[in-house]
Amino acid sequence: MRDIFQQLLTPEVAMVLILLGVCVGSVYLLSIVYVIRDAGRRGASPRWMWAIIAMVPIVGILAYVILRPSSYLIDREEQDLDIALREHQLSHYGICPKCGGPIDRDFVVCPLCNTQVRNVCPTCHRPLNADWQVCPYCRTRIQ
Ligand SMILES: [Zn+2]
Ligand SMILES: [Zn+2]
């Protein structure tokens, strides 16, 4: 048995095996480095926990790829900002029922398509919401 092994293990074969080992080893190390850096970018916390998981060969990196957050932290922050900005705009503007364009609080017509979006008080000429019965500025009854 030992003879066969020694016959097989020529210097060339040993060289190939060492090279293979070095390759596998560096891929393994790189995968750990990748997980640590990627976890940082994606805000997957705690990072040290992912680093430990990544040290389990093959299974660790697979588990990380499956369980990690699907988007980068920077993208998520941008999305959150975007949503906050849109909500902020909506609280200040309405939306034109015809074209969907933004309507400022005191617009009477949509500036994009000229649709009337609010009534105007006949006394003080301030813009009124369509369902208001009384002008809140001058107490004029609407119809
Ligand atoms: Zn419009
Ligand atoms: Zn009025």
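These are my notebook entries on a predicted model of one chain.

**Conventions.** I number residues from 1 along each chain as its sequence is written, and chains are lettered from A and ligands numbered from 1 in the order in which they are written. As the model is predicted, local features need pLDDT of at least 70 and side-chain atom pairs count only at pLDDT 80 or more, while totals for chains, interfaces and linings use all residues.

**Entry 1: overall layout.** I looked up the domain bounds, which come from an automatic or database domain assignment. Domain 1 covers 2-74 and domain 2 covers 93-143. I noted 64 Å between the C-alpha centres of domain 1 and domain 2. For secondary structure I used DSSP runs, numbered from the N terminus, with helices as H or I of at least four residues and strands as E of at least two. The chain holds 5 helices and 4 strands, and its order along the sequence is α-α-α-α-α-β-β-β-β.

Entry 2: I read a radius of gyration of 33 Å for the chain, whereas a compact globule of 143 residues would have one near 15 Å. The radius is taken over C-alpha atoms, and the globule rule is 2.2 Å times the number of residues to the power 0.38. Along the principal axes, the C-alpha atoms fill a box of roughly 110 × 30 × 20 Å. I then checked burial, with C-beta atoms placed from the backbone: a residue is buried if 20 or more other C-beta atoms lie within 10 Å of its own, exposed if 12 or fewer, and partly exposed in between. Buried residues amount to 8% of the 143 in the chain. Of the contacts in the chain with a separation of 6 or more, 15% join residues 24 or more positions apart.

**Entry 3: helix packing.** I fitted axes as lines to C-alpha atoms, for helices over the stretch in contact, with angles from 0 to 180 degrees between N-to-C directions. Helix α2 (residues 11-42) packs on helix α3 (residues 47-54) at about 155°, and their axes are 9 Å apart. The two helices α2 and α3 are therefore roughly antiparallel; angles under 35 degrees count as roughly parallel, over 145 as roughly antiparallel, 65 to 115 as roughly perpendicular and the rest as oblique. In α2, S31, I32, V35, I36, A39 and G40 meet R47, W50, A51 and A54 of α3.

I next examined α3 and α4, which pack at about 135° with axes 7 Å apart. This makes α3 oblique to α4. W50, I53 and A54 of α3 make the contact with G60, I61, A63 and Y64 of α4.

**Entry 4: positive phi.** I58 is not a glycine, yet its phi is positive, near 60°. I placed I58 in the loop between α3 and α4 (59-67). I58 is exposed, because 9 other C-beta atoms lie within 10 Å. N114, also not a glycine, has a positive phi of about 65°. The loop between β2 and β3 contains N114, which counts as exposed with 10 C-beta neighbours inside 10 Å.

**Entry 5: L112.** I located L112 in the loop between β2 (102-103) and β3 (119-120). Is L112 well supplied with C-beta neighbours, or how many lie within 10 Å? I counted 13 others, so L112 is partly exposed. Leaving out residues up to four places away in sequence, L112 touches C96, C99 and G101. From L112 to A14 I read 77 Å, C-alpha to C-alpha, across 98 residues of sequence.

Terms used:
Contact = placed C-beta atoms within 7 Å.
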